[in-house]
Amino acid sequence: MHREDVMRIMSLYDFPRYYDLAFSFRDTHHETQVFDECFRRFSKISVRRVLELGSGTSPHLEAWEKRGIEYVGLDTSRVMLGYARKRARNLGMIATFLKDDMKNFHLTRPVDFAYTMLGSLFVKTTSDLRSHFRSVARALNPRGLYFLDWCVNFQWKEAAPVQHWTVRKEKVRIRMKFESEVLSRVGQMVRNTLTAGVKRCWQTTVPRVGGGCSNCLSSRVPSARRRSRQV
Ligand SMILES: C[S@@+](CC[C@H](N)C(=O)[O-])C[C@H]1O[C@@H](n2cnc3c(N)ncnc32)[C@H](O)[C@@H]1O
């Protein structure tokens, strides 16, 4: 059967499988090579334990497992954490998953490397940003590194162009739209909105709302993000 199911959902982050499919174009192997290169070039300590902030589906788990590195994922989403925990269990690796807010958190054991991917720096104010950096500093061993991906935007004054992409995989077609809106130039504040139209190719248990059009998984990235360049 080939039909479109319809649902209205607040956040793509409630659907980790769709999130993974939507971002399956990523080359996580290459991304991990970039981490390796950073360790080689900049880390003054050997990296045995890492922390991912806004960890989501924890896309680099396999790579860490292969390297014998212990992983800590921190996220506010119970659903994302549950999904990633299951993947770690299947890999039989040592991993810890914490439901916490990156703005202010404490680890019981420090890490050698912390990282935030895909611009997932969810802070709204300078005081939140400072609190975030304090938390990361607390969490790191002395001379540990903090890696920020796409969190420092040097062209924040103009909104980034709208991006569209489509993924067809595992009997699902996902049409993605990424929009960026500058909320305050003075405050260097932007709001990013990710919308996913999901079409599945067989009968599912997903609740139908009306008929005939695409699912809409909208992840209005909740916090407008203040760019770290500011401090
Ligand atoms: C774009 S996803 C990134 C996931 C993953 N790091 C990756 O590379 O695919 C952002 C994640 O940040 C989480 N998140 C949002 N606000 C957060 C906060 N204040 N503290 C911790 N995690 C947060 C969301 O639940 C979501 O799983």
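For the classification used here, Ala, Val, Leu, Ile, Met, Phe, Trp, Tyr, Cys and Pro count as nonpolar, Asp, Glu, Lys and Arg as charged, and the others, Gly among them, as polar. By these classes, the shell around the ligand comprises 8 nonpolar, 7 polar and 4 charged residues. The structure is a predicted model, in which local features need pLDDT of at least 70 and side-chain atom pairs count only at pLDDT 80 or more, whereas totals for chains, interfaces and linings use all residues. Residues are numbered from 1 along each chain as its sequence is written.

The ligand is surrounded by 19 residues, a residue being taken as near a molecule if its C-beta atom, placed from the backbone, lies within 6 Å of it. The closest of these residues are Gly54, Gly56, Ser77, Met102 and Met117.

Burial is judged from C-beta atoms placed from the backbone, a residue being buried if 20 or more other C-beta atoms lie within 10 Å of its own, exposed if 12 or fewer, and partly exposed in between.

Helices (H or I, at least four residues) and strands (E, at least two) are DSSP runs, numbered from the N terminus. Helix α2 has 15 residues and reaches 21 Å from its first C-alpha to its last, close to the 21 Å expected at 1.5 Å a residue, where the expected span is 1.5 Å times one less than the number of residues. Of the 15 residues of α2, the number buried is 1, so this helix lies largely in the open.

Isoleucine 45 is placed in the loop between α2 (28-42) and β2 (49-53), and is partly exposed, with 14 other C-beta atoms within 10 Å. Its C-alpha atom is separated by 8.4 Å from that of proline 142, although the two residues are 97 residues apart along the chain. Leaving aside residues up to four places away in sequence, isoleucine 45 touches Asp112, Asn141, Arg143 and Gly144, contact requiring C-beta atoms, placed from the backbone, within 7 Å.

Tryptophan 150, in the loop between β6 (140-148) and β7 (163-169), has a positive phi of about 60 degrees although it is not a glycine. Tryptophan 150 counts as exposed, with 11 C-beta neighbours inside 10 Å. Glutamate 170, found in the loop between β7 and β8 (172-184), has a positive phi of about 45 degrees and is likewise not a glycine; glutamate 170 is exposed, with 12 other C-beta atoms within 10 Å.

Terms used:
Two residues are in contact if their C-beta atoms, placed from the backbone, lie within 7 Å.
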